[in-house]
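Hi,

Here is the structure I promised to pass on. Have a look at it first, and then read on for what turned up.

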Amino acid sequence: MITVLLADDQAMVRGAMAALLELEGDIRVVAQVGRGDEVVAQTLRTRPDVILMDVEMPGLDGLAATAQVLQAVPTVKVLVVTTFGRPGFLRRAVDSGAHGFIVKDAPAAQLAEAVRRVHAGLRVVDPQLAADSLMFGESPLTRREAEVLEAGADGATVQVIAGRMHLSEGTVRNHLSAAMAKTAAGTRAEAILIATERGWIVGP
């Protein structure tokens with residue numbers, strides 16, 4: 001029996017995935033969480049074999065949660081399942097240690113098979129995303145530039161971003177300018193849009 005933890009902020013989606021997986025004779029859902037910052041505690045409590053991890057969740061995004069949970073429980077397998085088939089997310093998921101990456105509109109049978117494959121120690125990657133990832137290439141943004149863009153994705157002012165990140169306003173402006181140049185964007189909002197669409201940051 002393969003035990004599974006579902007991490008997704010949409011209760012209806014969690015419920016649907018749980019119902020589909022429970023139809024499989026060899027898979028059992030042992031826990032569900034709706035926030036990224038609840039994943040580690042629930043994993044330590046229930047010790048699932050596989051975690052199905054959404055990307056965009058409150059508290060902590062799924063990619064950061066993946067890195068945290070694998071540090072706490074190295075034996076667990078993480079399968080990122082997201083609505084957003086963005087190539088940059090695939091690269092970031094792999095960098096965070098995820099064992100697989102599929103989109104939510106994949107057929108139900110494919111989801112169950114992906115769970116089995118990552119549980120067996122195999123990697124599962126959506127083939128179209130893999131091709132797109134090669135086309136777009138690696139994110140040109142430094143980690144700090146990406147963090148600054150994410151901190152300002154809700155339209156926050158430079159002053160607010162500086163407060164959130166404990167940086168000077170001048171440093172924030174420098175990172176924003178660099179990010180705009182690297183994304184060939186004319187405005188900060190455009191840079192955030194481009195970086196989000198390509199999966200280089202988790203946007204608003």
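This is a predicted model: local features need pLDDT of at least 70, side-chain atom pairs count only at pLDDT 80 or more; totals for chains, interfaces and linings use all residues.

To start with strand S1: which of its residues are buried on one side, and which on the other? On one side they are Ile 2, Val 4 and Leu 6, and on the other Thr 3, Leu 5 and Ala 7, so both faces are covered. Buried here means under 20% relative accessible area (exposed is over 50%, partly exposed is in between, with a 1.4 Å probe and protein chains only). Helices (H or I, at least four residues) and strands (E, at least two) are DSSP runs, numbered from the N terminus.

Residues are numbered from 1 along each chain as its sequence is written, and side-chain values use heavy atoms, leaving out hydrogens and water.

**The sheet**

S1 belongs to an open sheet of six strands with parallel pairing, in the order S2-S1-S3-S4-S5-S6. The edges are S2 (27-33) and S6 (124-125), each of which pairs on one side only. Two strands count as paired if DSSP finds at least two bridges between them. S1 and S2 share six bridges, in the parallel sense, and Leu 6 stands opposite Gln 32 of S2. Contact means heavy atoms within 4.5 Å.

**Inside the cores**

A nonpolar core is a set of buried Ala, Val, Leu, Ile, Met, Phe, Trp, Tyr and Cys residues joined through side-chain atoms within 4.5 Å. The largest one has 24 residues, and those with the most contacts inside it include Val 39, Ile 51, Val 69 and Val 80. Helix H3 (62-72) gives the largest share of this core, four residues. Apart from it lies another core of 21 residues, among them Ala 151, Ile 161, Leu 176 and Ala 179.

Beyond four places in sequence, Val 80 touches residues including Met 53, Leu 63, Ala 93 and Phe 101. Leu 79, in strand S4, is buried with a relative accessible area of 0%. Leaving aside neighbours within four places, the contacts of Leu 79 include Ile 51, Met 53, Phe 101, Ala 114 and Val 118.

**Two helices towards the end**

The axes of H9 (residues 169-183) and H10 (residues 188-197) come within 9 Å and cross at roughly 60°. Axes are lines fitted to C-alpha atoms, for helices over the stretch in contact, and angles run from 0 to 180 degrees between N-to-C directions. The two helices are therefore oblique to each other (under 35 degrees is roughly parallel, over 145 roughly antiparallel, 65 to 115 roughly perpendicular, and the rest oblique). Leu 176, Ala 179, Met 180 and Thr 183 of H9 meet Arg 188, Ala 191 and Ile 194 of H10. In H10, Ala 191, Ile 192, Ile 194, Ala 195 and Thr 196 are buried, and the buried residues of H10 pack against H7 (143-151) and H9. Just after H10, Gly 199 takes a positive phi of about 80°.

Cheers
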